[in-house]
Amino acid sequence: MTNDTTSSTSEPDSPLSDEMAQYLQVYIDESEEELDGLVEAILKLEGNPLEDESLHKAFRLLHSLKGSSGMLGFEFVGNFAHELEDRFERYRSGELFLDRETTTLVLKCVDYFRMFLGRLRVADLNQGDPANLLHELKEVEHRRSLLAQAPAAPNTPIVPPPITISGGLKLVVRFRPGLQLADLKARLIVSRLSSIGEIIACDPPIDDAQSFDELSLFSLTLVTDRKIEEVRKIANVDGVESIEIRGHEVSAQQLAAIPSPAEPVAPQQSPTQIAAPVNVGSPAIPPPPDVSPPGPLQANPETSDATPQASETLRVDIGRLDRLMNLTGELIVANARFSQIATELSPLFRQSAVFKKSRELTDRLRERFENLRQSLSQPLQTDDAWAQVSQGLEEDLEALDRQSELWAEGYRHFAGISEAVDQLTRVSKNLQRGVLNTRMVPVGPLFNRFKRVIRDLSTERRKQIQLIIRGEKTELDKRMIDALGDPLLHLVRNSIDHGLERPEQRQTAGKPAVGTIILEAAHRGNSVWITVRDDGAGINTDKIRARIVKRGLASPAVAKEMTDAQAIGHIWHPGFSTAETVTEISGRGVGMDIVRNAISDLSGTIEVASSPSVGTTFTIRLPSTLAIIHCLMMRYRNDFFSIPLDDVREIVSIPRVQIHSVHRHVTIDVRGELIPLVSMKGVFKWATIADSSESSVASASRTVNIVVIHSRGKTLGLAVDSLVGRADLVVKTLAENFQPVRGLSGASILGDGAVCLMLDSAALIELAADRTASATFQ
Amino acid sequence: MKSSMQFVGFRLADQEYAFRIEQIQEILIPDRVTQMPQVADYIEGVSNLRGTIIPIINLRRLFDLEPKEKDEETRTIVANVGSRVIGCTVDGVTQVIRISLEQIQPAPEIVRSEGTAYIAGFARLDSRVVVLLEIEELLHPSKMEHVRRVAAPRVSIDLTA
């Protein structure tokens with residue numbers, strides 16, 4: 001099969017014309033980026049609804065979305081973008097307020113756009129109908145204006161002055177002139193007020209963690225059911241000169257009219273945390289005092305979302321990069337073939353003896369011939385026939401001489417070729433590295449998507465959660481980033497649903513009410529590690545044990561005997577779930593095994609560590625690139641096998657007599673540690689090999705070569721016929737033309753054209769466990 | 001010319017079979033095959049076809065016939081099965097045959113009822129009968145196990161009887 005066929009089959013069938021499809025691709029990609037930016041801006045505005053920069057950014061992005069959608073004839077989408085743009089214009093002017101409820105709605109609108117783009121990607125031109133969303137938006141605005149204007153004139157859409165519009169109180173707090181650390185005091189006031197209501201605006205943005213050298217006054221809008229005097233008392237701290245409060249007190253009834261009760265929001269974004277802690281609770285139960293945001297003296301606001309430096313970039317279809325990468329892979333294979341040929345040829349030439357000898361041979365031949373001629377010279381001198389023979393021989397010898405010279409010349413050329421091959425190797429390796437680099441993208445945008453997830457889910461689950469993102473600059477192959485979204489989402493949802501406790505529970509346990517989820521990426525050797533960590537309750541092993549018994553995976557006695565780690569290992573079992581109630585978020589009993597499969601598809605592994613009341617950590621280990629894997633090569637029978645170097649703990653050579661059989665389990669003793677041992681023959685089922693006569697070479701020799709593999713915290717010795725050495729292999733999936741095979745993670749083509757199968761360490765360890773388990777039962 | 005189709009004929013034991021020519025990518029002298037563990041015995045292993053790794057299916061074993069050593073007649077037929085490229089070894093490739101539609105008979109009722117969707121029909125040529133095979137039903141990885149089951153000797157005996 002040629003490459004062209006592969007690539008052409010990968011193109012989706014599209015009902016669109018080529019030209020249109022081309023524009024569409026750009027439109028989809030750009031729009032998605034715009035939506036990412038929009039969400040970013042909206043989430044920022046949530047902490048500070050009047051922040052000019054974000055309002056402007058949102059406005060600009062919607063404007064651009066409107067324009068491009070209109071241009072491609074997506075009328076509904078364009079009009080809807082226009083409606084939103086219009087609203088942001090009004091948020092900007094202060095005519096409308098972007099309160100929490102509205103924010104949720106606007107985010108839903110973003111979902112509509114995303115859904116549309118998602119459909120578009122698979123060439124579905126259905127624009128859907130955003131009318132419902134628009135209707136909801138209008139309704140909220142309507143209610144807000146009712147609330148603001150008292151029930152008198154519901155039908156007159158008078159633009160009320162911003163001071164009273166939200167039905168809240170507008171406070172202007174004036175400090176004593178020349179007050180030191182006024183910004184700090186302002187923050188304090190904001191945090192105090194946030195415990196009695198929702199702050200929907202603040203000017204200047206106190207939560208922006210900017211320090212103001214001189215802050216003589218600031219204003220904020222507060223929605224609360226408290227009396228004005230009470231509010232004044234709370235806001236009045238040392239250093240405040242005067243507090244001016246305007247607006248209506250809102251009755252509890254009016255507040256209740258708002259479907260989503262004005263939830264107190266911790267107003268300050270702690271700058272080191274990417275997402276603001278979100279307090280959820282009804283206004284009647286004010287959040288506990290320590291919910292107020294961490295230390296006021298936090299440094300700069302996050303810089304990660306600052307608009308990236310305008311470096312010159314080019315948008316390239318990932319399919320093209322894939323093709324390029326495949327071609328580079330083939331180049332590397334072809335190159336390896338050259339190298340191998342050169343290596344094989346080299347001793348042939350380098351043994352200069354070879355052509356020296358041919359030279360010697362010619363000389364000796366010539367000498368003999370000379371002797372012969374002399375000894376026979378007398379009688380045959382006149383013989384024409386002899387003269388002819390003699391001349392012929394002489395000519396032959398000369399020809400032979402020339403051949404020797406040619407050979408010598410050939411050797412010189414070969415040396416040149418050898419050098420050229422070396423150079424080609426260098427260049428193609430660099431080329432490959434370059435191609436791989438073009439596919440590398442930082443994990444930042446992937447991680448940032450979770451800000452929104454945390455925001456939505458924390459509200460839904462009534463938990464207080466902060467998200468901390470680390471290592472967002474770590475780069476991974478684009479394909480991996482794309483494939484990681486769902487597994488990560490599942491893990492984060494799990495943490496929220498099963499891991500993090502409710503604020504009350506956390507406080508009882510002596511933990512901060514705000515739970516933390518950390519998403520972190522880091523390079524470790526050839527791998528990239530991604531961890532999802534929470535400081536929740538940890539995995540409840542009692543529940544797991546109960547579940548194991550209930551699902552018939554083990555008897556109660558066996559389940560009881562299990563170590564915590566063994567019990568926790570069952571979460572990867574298909575359909576295993578410990579959720580007491582099925583929730584919308586997780587607990588449908590699908591998931592962890594799917595997560596694990598998704599990670600394995602990327603040649604990665606996932607491990608879990610959990611300790612009660614400290615939290616749970618999931619560690620995903622991925623190869624830093626999908627394309628090349630550093631491997632150990634070994635031989636079994638006539639075929640080559642490879643195993644990722646990262647999974648190889650060590651290589652040992654052990655005398656046959658030191659292999660013990662302990663209760664039918666074959667083990668070896670490596671520096672006092674007993675390690676189970678399997679052979680290539682024993683661990684796999686080999687249907688094609690009928691002959692047992694040609695048994696392993698290893699069985700004949702006195703020592704056995706053993707590769708000690710470790711994966712997911714387990715160790716296994718694998719006896720092989722011989723070790724070949726290390727190699728960097730381009731790995732292809734077996735599923736492309738066949739189907740996945742348990743125990744194998746792919747295949748590579750070697751320099752001599754042979755196919756080398758790559759072992760899947762984790763699956764191998766499982767297979768070994770299965771084999772011994774079934775053996776003991778027999 | 002719609003009234004006839006071209007087929008590539010090949011031999012397995014005493015029977016002649018044929019694939020539609022459009023589904024055949026190429027015919028090769030068997031190359032080096034790397035044996036694969038954890039697969040059924042009719043899968044010989046994987047081979048390198050100019051940089052692409054393809055599985056090699058032994059048709060004799062798939063049809064549960066006596067295994068036979070490879071000889072100079074043995075060929076690997078490389079076929080396109082959906083988006084996959086799959087090779088299969090046969091005793092020998094006979095010829096490209098043009099078969100007119102009138103010569104093709106649907107598989108007899110008794111054979112079809114056995115779930116042998118991989119048999120597209122029979123063609124009577126002179127004195128011989130060629131079994132026309134449907135590659136998608138025969139060599140798709142998810143269908144081979146089924147083929148093996150229904151192709152067990154019982155059916156072959158029915159066919160030869």
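This is a predicted model: local features need pLDDT of at least 70, side-chain atom pairs count only at pLDDT 80 or more; totals for chains, interfaces and linings use all residues.
Local features are taken at pLDDT of at least 70 and side-chain atom pairs only at pLDDT 80 or more, while totals for chains, interfaces and linings use all residues; side-chain values use heavy atoms, with hydrogens and water left out. Residues are numbered from 1 along each chain as its sequence is written, and chains are lettered from A in the order in which they are written.

Let's start with the sheet in chain A. Five strands make up an open sheet, in the order 6-8-9-11-10, with mixed pairing. Strands here are DSSP runs of E with at least two residues, helices are runs of H or I with at least four, and both are numbered from the N terminus; two strands pair if DSSP finds at least two bridges between them. At the edges sit strand 6 (465-470) and strand 10 (605-611) of chain A, each pairing on one side only. From one strand to the next, the twist averages 15°. Strand 6 of chain A pairs with strand 8 (residues 515-524) of chain A in the parallel sense, over six bridges, and A:R470 stands opposite A:E520 in strand 8.

Now for the helices on that sheet. Helix 13 (residues 444-461) of chain A lies across strand 6, strand 8 and strand 9 (527-534) of chain A, and runs at about 175° to strand 6. Helix 19 (residues 592-601) of chain A packs on the sheet too, touching strand 10 and strand 11 (615-623) of chain A, and its direction makes about 135° with that of strand 10. Contact means heavy atoms within 4.5 Å; for the angles, axes are lines fitted to C-alpha atoms (for helices over the stretch in contact), and values run from 0 to 180 degrees between N-to-C directions.

A:D456 and A:R452 form it, with their closest N and O atoms 3.0 Å apart; both residues lie in helix 13, four residues apart, about one turn of the helix. A:R452 is buried at 12% relative accessible area, whereas A:D456 is partly exposed at 23%. The cut-offs are under 20% for buried, over 50% for exposed and in between for partly exposed, using a 1.4 Å probe and protein chains only. The pair belongs to a network of salt bridges that links A:E46, A:R100, A:D111, A:R452, A:R455 and A:D456.

Over all chains, the whole structure has 47 salt bridges. One of them joins the side chains of A:R366 and A:D401 at 3.1 Å, N to O. Because A:R366 lies in helix 11 (residues 353-380) of chain A and A:D401 in helix 12 (residues 384-438) of chain A, the pair ties together parts that are 35 residues apart in sequence. A:R366 is partly exposed, at 28% relative accessibility.

Over in chain B, the secondary structure comes to five helices and 11 strands, and buried residues make up 49% of the 161 residues.

What does strand 7 of chain B pair with? Strand 5 (residues 52-58) of chain B runs parallel to strand 7, joined by three bridges, with B:I57 opposite B:C88. Strand 6 (residues 75-81) of chain B runs antiparallel to strand 7, joined by seven bridges, with B:V78 opposite B:G87. Strand 6 and strand 7 of chain B form a hairpin with two residues between them, and B:G82 in the turn has a positive phi of about 60°.

Chain B has its own salt bridge worth a stop, where the side chains of B:R128 and B:E16 meet at 2.5 Å, N to O. B:R128 lies in strand 11 (residues 128-133) of chain B and B:E16 in strand 2 (residues 15-20) of chain B, so the pair ties together parts that are 112 residues apart in sequence. B:R128 is partly exposed at 29% relative accessible area, whereas B:E16 is buried at 10%.

Definitions and conventions:
A salt bridge is a side-chain nitrogen of Lys or Arg within 4 Å of a carboxyl oxygen of Asp or Glu.
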